[in-house]
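Hi,

Here's the structure I said I'd pass on. Have a look at it first, and then read on for what turned up.

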Amino acid sequence: MSVDFFLTQTLNGLSFGGLLFLLASGFTLVFGLMRIVNLAHGAFYLVGGYIGFTTLLVTGNFWLAALVGAVAVAVLGTFVERVLLRPIRGQDMPEVLLTIGVAFVLGDLSLAIWGGDPVQLPIPGYLSGGVDLGVVSYPRFRIFVAVLGVAVGVALWFLQHRTRVGAIVRAGVDDREMIAALGVNIRLVFTGVFLFGAFLAGLSGVIGGTFLSLVPGADIEILLFALVVVILGGLGSLPGAAIGSALVGLIDSFARALVPELSFFTLFAPMAIVLVLRPHGLLGRR
Amino acid sequence: MRRLTSMSLTAKVKLILLAAAIVAGVALPYVLSPFLVSVVSLALVFGLFAMSIDLLAGFAGLVSVGHAGILATAAYGVGYVATHGGGYVAQILAGLGVGLVASIVFALMAMRTSRVYFLLITLAQGMIVWGLSIRLYSITGAENGLRDILRPSAVSAYWKYYYLCLAVLFVCGGLMWVIVRSPFGYGLRGLRDSEERVRMLGYNTTLHKFYAFVLSGFFASISGVLFVYQNEYISPAAAEFLVSGTGVLMVVLGGVGTLVGPVIGAFIITLIENELSAYVERWPTVLGAVFIITILFAPNGLVGGLSRLWRRWTGPRGRGEPETATAEEAAETEPAGRSAPSHQISTGGGK
């Protein structure tokens, strides 16, 4: 393995990890507070990416596209939470099965609207091109994605541990009844967290749409990566999602380069090892 | 005759329905067109597949959304040997063998978890099989799949194959019926209702779940072998999440924990898909909508809902017989436990 190969694959892995963290952090936050496993999260990603793509075609502004994609999915998420999930609140299995139905519908409707051909979003001018790293030149945008992942992680940590909203959410994770009894409108908090998770999914769709194609089936594929991230890191744990994202990103990028035929399968071994040693993930709690 | 008269009304009705199903099953090829008979064969295959999911979901409370991975593994096992010139015995043994190995590996990974954790792990497992099926060109043929996996000549005619599927479904269904009424099966229900309590009683719950998963995986492998010969073709589409999800939908639609319900669910879904596909434009949307509507409005499924109505209608008489009461209680009514498996249960936030 030459130095430039190693460096390129490491950066690929870290930037993919950054994207995975954007996606998995929302997934894990929703689970942590509401105990809802949202299997429509991958579909949220795809729909966000497609809406961003259309916005970009119309307006030509990438950041507006990212905002519109994320907000549109947040609205969609609010609908799913308020209308579909509320009647079965607290029943974890019906909730997760219902989100499978939502994933089917959204995946198929986006095929109906945007067609089956893969699309990719163009990168804004000043973030395109490469950065010279001495041994190798690396795409500037991919570095931006890795940095964005870290920035969102730090922001989420700050939000959770240093603000009032974060304190309410953490209290809700520990004891829902108690925090409701203290006069907090926990339903509103639920909706807010679900909305926020959907927002992050929509945003990551637009970001991911620049270097991964948006295509029918990409929703389930990215969901698999997010699942492996949270299975490794531990469902509901934000630091776990960070570790899991970096691990999965690195494993996947090296596997794609070294053993392309087995690239999915390489996720299997770390998952098996972690599950045998710690069934609830590296940082998960029961 | 005396035994018959001593049976409860519910048991008699069940027996009559079973007899009617057998008569209808045998008569079918004489009545329907060859195309429809093939569709029904496929429905039988998916009926077995859905039953294997229900064995885990309805009785052990472990919902697998990766079972298509096992079905596809078995199907690829048959296909690989067939395309490399192996005989039928070798094909079938290879299919069941790799299906069983996959089940054992999956079970080892998932057996220490339950509920949503179990569901997530099985989802990832199923997706990894799908990933292999589209990437591992040398074995699976990737997107092209494996073609010309011909049925054994003894069952190559469409109606003969139909009877084979029917017979296999009855035998496997009978076996599952025995399993869920055995002490092992009651142990599984204990797991579903309260794993803690079963563990306190001295059971090795992890091992229990392992056996249940492997049994379920074995039945799913049988359905995979039937599936590949039915189509004489296997492609990555068989391992898709959509297939696993549809299997779970068949279970939920028919009634979780009823074994018969999933077969009915499989019939409804397969018949609609193949018969109305010309009219139904967006099939996955329909599936997803049926999924959402079932969970919101008919959480007990068709069989669960109907048998509740029936019990209300027959009143205390149906409940009076202890034998049927236990069987039915176990199969169709709400377990009171917090950690019970399905949407039949209204509690269980799972903290």
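What percentage of the 351 residues in chain B do buried residues make up? The figure is 58%. One thing to keep in mind as you read: this is a predicted model, so the numbers below are computed from it.

Staying with chain B for a moment, its secondary structure consists of 17 helices and two strands. The accessible surface of chain B is about 14,800 Å², and carbon and sulfur atoms account for 69% of that.

Over in chain A, have a look at helix H8, which covers residues 186–208. Its 23 residues stretch 32 Å from the first C-alpha to the last, close to the 33 Å expected at 1.5 Å a residue. H8(A) is largely enclosed by the rest of the structure, because 17 of its 23 residues are buried.

Now the charged pairs. Over all chains, the structure holds 12 salt bridges. Here are some of them.

In chain A, the side chains of A:Glu81 and A:Arg89 form a salt bridge, at 2.4 Å from N to O. A:Glu81 is buried, its relative accessible area being 0%, while A:Arg89 is partly exposed at 23% relative accessibility. Both belong to a network of salt bridges that links A:Glu81, A:Arg86, A:Arg89 and A:Glu95.

In chain B, B:Arg151 pairs with B:Glu232 in a salt bridge, with 3.9 Å between the closest N and O atoms. This pair links distant parts of the chain, 81 residues apart: B:Arg151 sits in the loop between strand S1 (146–147) and helix H8 (158–180) of chain B, and B:Glu232 in the loop between helix H11 (205–231) and strand S2 (233–234) of chain B. B:Arg151 counts as buried at 11% relative accessibility, whereas B:Glu232 is partly exposed, with a relative accessible area of 26%.

Another salt bridge in chain B joins B:Lys209 and B:Glu195, whose closest N and O atoms are 3.2 Å apart. B:Lys209 is in helix H11 of chain B and B:Glu195 in helix H10 (residues 195–200) of chain B, so the pair ties together parts that are 14 residues apart in sequence. Are these two residues buried or exposed? B:Lys209 is buried at 4% relative accessibility, and B:Glu195 is buried with a relative accessible area of 16%.

Cheers

Definitions and conventions:
Residues are numbered from 1 along each chain as its sequence is written. Chains are lettered from A and ligands numbered from 1 in the order in which they are written. This is a predicted model: local features need pLDDT of at least 70, side-chain atom pairs count only at pLDDT 80 or more; totals for chains, interfaces and linings use all residues. Side-chain values use heavy atoms; hydrogens and water are left out. Helices (H or I, at least four residues) and strands (E, at least two) are DSSP runs, numbered from the N terminus. The expected span of a helix is 1.5 Å times one less than its number of residues. Buried means under 20% relative accessible area, exposed over 50%, partly exposed in between (1.4 Å probe, protein chains only). Accessible areas come from the Shrake-Rupley method with a 1.4 Å probe; for residues, only the protein chains shown count as cover. A salt bridge is a side-chain nitrogen of Lys or Arg within 4 Å of a carboxyl oxygen of Asp or Glu.
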